[in-house]
Amino acid sequence: MLQLKEIQKTYPSRSGSIPVVALKDVNLEVNEGEIFGIIGRSGAGKSTLLRLVNGLETPDSGEVWVDGWSITRLKERELRQARTKIGMIFQHFNLLWSRTVWDNVAFPLEVAGRSKEEIRQKVNHLLERVGLSDRAKAYPSQLSGGQKQRVGIARALANDPKVLLCDEATSALDPETTGSILQLLKEINRDTGITTLLITHEMSVVQAICGRMGVMDDGRMIEVGEVSEIFRNPSHPVTRQFVRQTLLKEQSTPFEDKGRDSSACIVVQCRFPGLSDVWEELRKEADRRQLQIHVLAGGIDPSTPWTLRVEGDRETADRIVTVLRSLGAEAEVAVGVS
């Protein structure tokens, strides 16, 4: 559905500044119908990559393919046609402030030359889909941040795109609103099968909605894989830092009061020889040492590794690996946060 092959992109120098290498040897493949997340710090190259996908930028070398179209080879007229099948959701909404909610959603349909009746039916359907039928006559200045983004989502879906690009779509929203927007995107993907490429700097966003993900740093794609696997076993230092930051945000309130030096949160990967026996002993040990243990992943099959998040005192949290090994389990610390 979506491929980037050996992409290079450098922005030339301006006013004596040195050229900026935005993307270096980027290869990526996103499957049809999946929600794929790209995470990276500011300046990692995420937005440049997204702009290449919809043809707003051209690479210095390499190819971009979207739904059978070679975006890098298209003439202007063909590119405009291809863009009608690529929806875009923006961080700061990019709504037309002089138009009502209804007219904002209608705009891309008007540009596409649809009939008035077709536009009416489509806009009404989309506003109902995003839960804004009662705000059709409102202006963007009268909406909350979440409502503005729902308008942006409806507008992006107006021409029935095959691909939906989300550029930090929730970073301007509060956590509760972020959750509702991510749930809406997930439902749209489920109902329509639209391929979704989402960029963010928040690991929690990727965890909530994506099946697979890529991690970018300094213009390179440094890690790609299943979200659950990367979270359990991040291989690159940058990825491990994202996981640590996420774990810190998820730590339980009782341990936050103990201060940074005395609390810890570690992720442990292990395999149990006899699940029920080991788990019962582990529960007793956790109670005795005042630890909290949360299961992040696991399975009944003995060959399937379990991933646990252990919260508590730094020293006793570290010792849980020793305890697991004494019970016959294979165990190691995947990520540690103190």
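1. Basis. In this predicted model, local features need pLDDT of at least 70 and side-chain atom pairs count only at pLDDT 80 or more, while totals for chains, interfaces and linings use all residues. Residues are numbered from 1 along each chain as its sequence is written, and side-chain values use heavy atoms, with hydrogens and water left out.

2. Helix α6, length. Helices are DSSP runs of H or I with at least four residues, numbered from the N terminus. Helix α6 covers residues 175-192, and its end C-alpha atoms lie 26 Å apart, in agreement with the 26 Å that 18 residues should span at 1.5 Å a residue (the expected span is 1.5 Å times one less than the number of residues).

3. Helix α6, faces. Buried (under 20% relative accessible area, 1.4 Å probe, protein chains only; exposed is over 50%) are T177, T178, I181, L182, L184, L185, I188 and N189. These fall within an arc of 155° seen down the axis, so they line one face of α6 (the arc is taken from directions from the helix axis to the C-beta atoms). On the other side, P175, E176 and R190 are exposed.

4. Helix α6, ends. At the start, a side-chain oxygen of D174 comes within 3.1 Å of the backbone nitrogen of E176. After the helix comes G193, with a positive phi near 75°.

5. T239. This residue sits in helix α9 (residues 237-250) and counts as buried because its relative accessibility is 0%. Neighbours within four places in sequence aside, T239 is in contact (heavy atoms within 4.5 Å) with V215, I222, E223, I230 and P234.

Definitions and conventions:
Helix = DSSP H or I, 4+ residues; strand = E, 2+ residues; numbered from the N terminus. Polar contact = N/O pair within 3.5 Å; in protein donor to acceptor, adjacent residues only side chain to side chain.
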